[in-house]
Amino acid sequence: TEAMTDASSPFRKGNFDLLHNLCTQESIHRLLRILMDSDGEKNRLTFTYLRDFYVERVEEFFDGDQTYGRADDFMEELLLSSPSVTAKGLTDPLGLAEQIIQTRANVITEWKVLMEQVPNDHTMGIRKSLLSKQMQSWGSGGIQQADSTEG
């Protein structure tokens, strides 16, 4: 029975994979914003390369119902792509993959902190809702009616 409780369920595997895909996609979006807001020809060239690479593949790797491991497949394709050499400079897919992975680690850390707060947020929301309902019943004579029925 212990092996059964320790075994991973298909839901757990699916949730993990979905979270992995979302973290990867969020890290790409953040990196694109950073590159877009940065000065310098190299950053503009890197932004354009990553934007085009991502846009050409977003549907294949991130949109809709996907098989497991699509974020890893995207990263593998990025790692296997050739550097782009133009008159303005060189784009480095290996360097981009490294930046995406570093950014993804930051995203995971941020999301972990946020998820740790969910029980508190839910508890506070429920308490506020109950208190509001109590106060509404008090304002509409709920306590007076309760007192008159007791006596």
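Visitor: Where does Ile 108 fall on the scale of buried, partly exposed or exposed?
Guide: Ile 108 has a relative accessible area of 43%. This is a predicted model, and in it buried means under 20% while exposed means over 50%. At 43%, then, Ile 108 counts as partly exposed.

Visitor: How many Å separate the C-alpha atoms of Ile 108 and Cys 23?
Guide: Ile 108 belongs to helix H5. Along the chain, Ile 108 and Cys 23 are 85 residues apart.

Visitor: Which element gives the most residues to the lining of the largest pocket?
Guide: That pocket holds about 200 Å³ of space, and its lining includes Ile 108, Cys 23, Phe 16, Trp 111 and Met 115. Two elements give two or more residues each to that lining, helix H2 (10–37) and helix H5 (93–116). The top contributor, with 5 residues, is H5.

Visitor: What pattern does the protein chain follow along the sequence?
Guide: The chain has 7 helices and 2 strands. Of its 151 residues, 26% count as buried. Reading along the sequence, you get α-α-α-α-β-β-α-α-α.

Visitor: In which helix is confidence lowest?
Guide: Across the chain, pLDDT averages 84, and 87% of the residues score at least 70. At the top end sits H4, with a mean of 96.

Visitor: What is the relative accessibility of Tyr 68?
Guide: Tyr 68 counts as partly exposed, so its value has to lie between the 20% and 50% cut-offs. The computed figure for Tyr 68 is 44%.

Visitor: Which helix holds both Glu 41 and Arg 44?
Guide: Glu 41 and Arg 44 form a salt bridge, with their closest N and O atoms 3.5 Å apart. Both partners are partly exposed, since Glu 41 has 36% relative accessibility and Arg 44 has 44%. They're 3 residues apart, about one turn of the helix, and that helix is H3 (residues 41–61).

Visitor: At what relative accessibility does Arg 57 sit, and is that buried or exposed?
Guide: Arg 57 meets Glu 56 in a salt bridge, 3.2 Å from N to O. Glu 56 is exposed, at 60%. For Arg 57 the figure is 15%, and because the cut-off for buried is under 20%, Arg 57 counts as buried.

Visitor: What is the N to O distance in the salt bridge between Glu 77 and Arg 57?
Guide: The side chains of Glu 77 and Arg 57 meet in a salt bridge. Glu 77 lies in helix H4 (residues 70–80) and Arg 57 in helix H3, so the pair ties together parts that are 20 residues apart in sequence. Glu 77 itself is partly exposed, at 28% relative accessibility. From N to O, the contact comes to 2.4 Å.

Visitor: How many salt bridges does a search of the whole structure find?
Guide: Some of them link up: Glu 26, Arg 30, Arg 33 and Glu 110 are joined in a network of salt bridges. Glu 41 with Arg 44 is another pair. Over the whole structure, the search turns up 10.

Visitor: How much accessible area does the nonpolar patch of Leu 131, Met 135 and Trp 138 have together?
Guide: Met 135 is located in helix H6 (residues 118–139). With Leu 131 and Trp 138, Met 135 forms a nonpolar patch on the surface. Taken together, the three have an accessible area of about 330 Å².

Technical notes
Residues are numbered from 1 along each chain as its sequence is written. This is a predicted model: local features need pLDDT of at least 70, side-chain atom pairs count only at pLDDT 80 or more; totals for chains, interfaces and linings use all residues. Side-chain values use heavy atoms; hydrogens and water are left out. Patches are made of residues with over 30% relative accessible area and no salt bridge: like charges are joined within 9 Å, nonpolar side chains (Val, Leu, Ile, Met, Phe, Trp, Tyr) within 5 Å. Accessible areas come from the Shrake-Rupley method with a 1.4 Å probe; for residues, only the protein chains shown count as cover. A salt bridge is a side-chain nitrogen of Lys or Arg within 4 Å of a carboxyl oxygen of Asp or Glu. Helices (H or I, at least four residues) and strands (E, at least two) are DSSP runs, numbered from the N terminus. Buried means under 20% relative accessible area, exposed over 50%, partly exposed in between (1.4 Å probe, protein chains only). pLDDT is the predictor's confidence in each residue, from 0 to 100. On a 1 Å grid over the protein atoms alone, a cavity is a set of points where a 1.4 Å probe fits but cannot get out, and a pocket is an open set with protein on both sides within 12 Å along at least five of seven lines; lining residues have an atom within 4 Å of a point. Grid points are joined across faces, edges and corners, and a volume is the space filled by probe spheres set on the points.
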